[in-house]
Amino acid sequence: MEPLRIDARRLLCPMPVIRLQDALEPLPVGSVVEITATDPGVQNDIPAWCRINGQRLDGIEQRGNEYIITVTKLCDD
Amino acid sequence: MTRKAVALISGGLDSLLAAKVVQDQGVHVEGINFFTGFCVEGHTHAIRKKDKDKPKRNNALWVAEQLGIKLHIVDIVEEYKDVVINPKHGYGANLNPCLDCKIFMVQQAHQWIRDKGFDFIITGEVIGQRPMSQRKETLPVVARESGADDLLLRPLCAKNLPPTLPEREGWVDRDRLHDFSGRSRKPQMALARQYGFEDYAQPAGGCCFLTDENYSIKLQDLWTHRGEKRYELDDIMLLKVGRHLRPDGQPWKLIIAREEGETRFLSGYKGQFQSLRTLSHGGPLALIDGPTLNDEQIREAAAIVARYGQGKTAPEVELEYSPPAGEARRVRVPPKAPHDIPQSWYLV
């Protein structure tokens with residue numbers, strides 16, 4: 001299944017985290033979201049958010065100034 | 001039956017402790033954090049290169065992780081505008097509507113617990129801790145006007161207040177709550193030690209830019225020159241960045257990057273604003289906020305921007321003026337001398 005892609009470029013933390021959280025909320029467990037952001041803070045904040053809320057961080061890839069982060073939904077709110 | 005509470009988590013010590021005190025009594029606690037757009041948290045660190053070495057952790061997330069609780073971050077940027085623009089209880093020393101803000105956040109949390117089937121709300125408020133919103137007279141106002149009434153528990157000062165529903169019903173043991181009051185932070189620091197919390201955030205000016213005098217001056221200037229009290233998220237983000245200069249009586253102002261990180265951040269706004277960039281020397285990017293400038297104004301703006309670049313002592317500096325859409329053009333100007341830029345132009 002193709003991941004849901006979210007563009008959070010130019011947004012400052014915590015906005016990318018909020019975009020990720022709100023995108024995952026209506027999705028069924030097992031869904032994958034890929035978020036692209038430019039604020040380096042996402043490297044800390046999104047993994048922390050995943051740990052706290054029981055979701056799985058699949059990976060963080062840096063391409064130039066952009067961070068592409070993949071998250072799988074493991075549980076409902 | 002395990003009772004469920006939502007704790008307002010700012011990222012500071014008080015909300016951390018308040019949530020912990022209730023969690024320790026076997027209540028299921030989750031956190032809620034509101035993003036207003038004015039949060040000090042993270043932004044300037046993300047923008048300014050000089051702060052790169054500092055850890056960029058989000059304190060609300062850090063607090064939630066310390067407590068092992070879920071954290072729900074809620075974007076209230078749009079709804080919050082009315083709080084900032086029309087505060088029923090007025091502003092504090094700057095443009096901080098602290099009492100209206102607290103009422104609004106508790107009201108939002110109250111709606112949230114109704115939607116999610118939670119039992120009550122926890123805040124880290126302490127009587128006398130803050131001059132505007134956390135006074136003996138205002139704590140009942142927050143409970144009443146938010147609609148939360150006695151579903152609002154302040155574990156750090158509960159013993160100084162009438163018992164709330166969670167206490168009366170025995171969901172929490174009032175004897176194990178606290179009676180903190182006043183501005184001293186010592187009781188909180190002692191409790192933090194007792195729980196083994198270290199490295200918690202202690203922001204000197206609170207967690208909101210609206211309590212900052214310089215920020216409030218810039219926001220007031222924005223409203224004055226727009227002729228109305230309104231803002232968008234981009235406006236309030238840009239007020240956190242760069243050196244803001246408004247030449248006397250002009251309807252436009254300059255936002256001049258102070259370092260590389262700010263230049264990079266401001267360049268993301270070139271499609272929305274007129275901008276100036278120095279070509280002949282190293283120099284900052286500047287955005288122009290206001291109506292489209294005429295030739296004379298472009299030269300004036302360019303001369304100011306040139307003063308902040310490496311060509312500031314050169315007889316002439318070349319800059320590129322770019323409108324948000326359309327063709328860029330070059331302009332050559334002598335940089336202004338420092339004494340040609342009166343202190344009154346700086347919005348600080």
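Here are the terms, taken one by one.

Reply: This is a predicted model, so local features need pLDDT of at least 70 and side-chain atom pairs count only at pLDDT 80 or more, while totals for chains, interfaces and linings use all residues. Residues are numbered from 1 along each chain as its sequence is written, and chains are lettered from A and ligands numbered from 1 in the order in which they are written.

Me: What makes helix H1 of chain A mostly covered?

Reply: Seven of the ten residues in H1(A), residues 15-24, are buried. Buried means that 20 or more other C-beta atoms, placed from the backbone, lie within 10 Å of the residue's own; 12 or fewer is exposed, and in between is partly exposed. A:Met15, A:Pro16, A:Val17, A:Ile18, A:Leu20, A:Gln21 and A:Leu24 are buried. Helices here are DSSP runs of H or I with at least four residues, strands are runs of E with at least two, and both are numbered from the N terminus.

Me: What do the buried residues of H1(A) pack against?

Reply: In chain A they pack against strands S1 (4-8), S2 (32-37) and S4 (66-72) and helix H2 (42-53).

Me: How do you describe the crossing of H1(A) and H2(A)?

Reply: Two packed helices are described by the angle between their axes and the distance between the axes. The axes of H1(A) and H2(A) come within 9 Å and cross at roughly 35 degrees. Axes are lines fitted to C-alpha atoms, for helices over the stretch in contact, and angles run from 0 to 180 degrees between N-to-C directions. A:Pro16, A:Val17, A:Leu20 and A:Gln21 of H1(A) meet A:Val42, A:Asp45, A:Ile46 and A:Trp49 of H2(A). Contact means C-beta atoms, placed from the backbone, within 7 Å.

Me: Which classes do those contact residues fall into?

Reply: Six are nonpolar, one is polar and one is charged. Ala, Val, Leu, Ile, Met, Phe, Trp, Tyr, Cys and Pro count as nonpolar, Asp, Glu, Lys and Arg as charged, and the others, Gly among them, as polar.

Me: Why do S1 and S3 of chain A stand at the edges of the sheet?

Reply: The open sheet has four strands in the order S1-S2-S4-S3, with mixed pairing. S1(A) and S3(A) (56-63) each have a single partner strand, so one side of each is left without a neighbour in the sheet. Neighbouring strands are turned by 20 degrees against each other on average, direction ignored.

Me: How do you know that S1(A) and S2(A) pair?

Reply: Pairing needs at least two DSSP bridges. S1(A) and S2(A) have five, in the parallel sense. In one of them, A:Leu4 partners A:Val33.

Me: What makes S10 and S11 of chain B a pair?

Reply: Five bridges join S10(B) (317-322) to S11(B) (329-333), and the strands run antiparallel. B:Glu318 stands opposite B:Arg332. The hairpin has six residues between the strands, and B:Gly326 takes a positive phi near 105 degrees.

Me: How many residues of chain B are in contact with chain A?

Reply: 16 residues of chain B are in contact with 17 residues of chain A. Helices H2 (43-47) and H3 (59-67) and strand S3 of chain B each give two or more residues to that side. The chain B side divides into seven nonpolar, four polar and five charged residues.

Definitions and conventions:
Two residues are in contact if their C-beta atoms, placed from the backbone, lie within 7 Å.
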